[in-house]
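Here is a set of questions and answers for someone meeting this structure for the first time. Each answer sets a value beside the definition that applies to it.

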Amino acid sequence: MLADDLVIENFVPCDFHLLDQALSWIEQNHLLTGVRFCELGSGFGVAAMLAALRGMESVGIEIESTLVDQANRLSAELDLSAQFYCGSFVPHDVSEIVEISRDVEHVDTSESEVYQEIGLDLDDFDLFFAFPWPGEEHFFESVFTAGAAVNSLLLTYRGRNGMHLLRKT
Ligand SMILES: C[S@@+](CC[C@H](N)C(=O)[O-])C[C@H]1O[C@@H](n2cnc3c(N)ncnc32)[C@H](O)[C@@H]1O
């Protein structure tokens, strides 16, 4: 970030140490229903890479191509299997998207979704991670509730309030 003059306003990294602890806790408590991990709005892709280090099949979806390139480069350098895709994590078939995105300023809801390129749909993943802007958590939960598989998990980083884990029932 410091090496580049370009400022990507929606990109703020989360607490990666806490995230790593949360991933350990999820693993130790056997909460996962499978091994597919998806980081929604992946930035530099650290969450997806931490999941890949744990043996998960891991992808990140990010709208900013610079960040996607950096994440793919770092993943390759570290010899990790995590793959990063440029596009939107917001599926086009969420019918109430206009309603749920009304107050959402930090998620791009206009770009095309990227699931076809990945070859997986939202309901193929077992664990999602996102760092929503404060007050925009409901948007990620709505997308998750609308499209994810029953029993899959959504982990979100909530700044001072730490990590939040939700299972779709
Ligand atoms: C707060 S940052 C979090 C980055 C990373 N997950 C982390 O925890 O360090 C949110 C990221 O979501 C990206 N973003 C915003 N709308 C998006 C969309 N519709 N699809 C994919 N990425 C999006 C932004 O460019 C930004 O990099």
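Q: How far apart are the mean positions of the positive and negative charges of the chain, and what counts as a charge?
A: The mean positions of the 8 positive and 29 negative charges are 8 Å apart. Lys and Arg count as positive and Asp and Glu as negative, while His and the chain ends are not counted. Each charge is placed at NZ of Lys, CZ of Arg, CG of Asp or CD of Glu.

Q: What kind of model do these values come from, and how are residues numbered?
A: The model is predicted, so local features need pLDDT of at least 70 and side-chain atom pairs count only at pLDDT 80 or more, whereas totals for chains, interfaces and linings use all residues. Residues are numbered from 1 along each chain as its sequence is written, and side-chain values use heavy atoms, with hydrogens and water left out.

Q: How do you know whether the radius of gyration agrees with that of a compact globule?
A: The radius is taken over C-alpha atoms, and the globule rule is 2.2 Å times the number of residues to the power 0.38. For 169 residues the rule gives a value near 15 Å, and the chain has 15 Å, so the two agree. The C-alpha atoms fill a box of roughly 40 × 40 × 35 Å along the principal axes.

Q: Why is Ser152 called buried?
A: Buried means under 20% relative accessible area, exposed over 50%, and partly exposed in between (1.4 Å probe, protein chains only). Ser152 has 1% relative accessibility, so it counts as buried. Ser152 sits in the loop between α6 (137–147) and β5 (153–157). Leaving out residues up to four places away in sequence, Ser152 touches Phe125, Asp126, Phe128, Phe144, Leu166, Arg167 and Lys168; a contact means heavy atoms within 4.5 Å. Over the chain, buried residues make up 44% of the 169 residues.

Q: What makes a group of residues a nonpolar core, and which residues have the most contacts inside the largest one?
A: A nonpolar core is a set of buried Ala, Val, Leu, Ile, Met, Phe, Trp, Tyr and Cys residues joined through side-chain atoms within 4.5 Å. The largest has 26 residues, and Leu40, Phe89, Ile118, Phe128, Phe139 and Phe140 have the most contacts inside it. Its largest share, four residues, comes from α6. A second, separate core of 23 residues includes Leu23, Ala48, Leu50 and Phe129.

Q: How do you know to what extent helix α2 is enclosed?
A: Six of the eight residues of α2 (residues 46–53) are buried, so the helix is largely enclosed by the rest of the structure. The buried ones are Ala47, Ala48, Met49, Leu50, Ala51 and Ala52. They pack against α1 (16–28), β1, β2, α3 (65–77), β3 (83–86) and β4.

Q: Which residues of α6 are buried, and what covers them?
A: Glu137, Phe139, Phe140, Ser142, Val143 and Phe144 are buried in α6. Their cover includes β1, α4, β4, β5 and β6 (163–167).

How values were computed
Helices (H or I, at least four residues) and strands (E, at least two) are DSSP runs, numbered from the N terminus.
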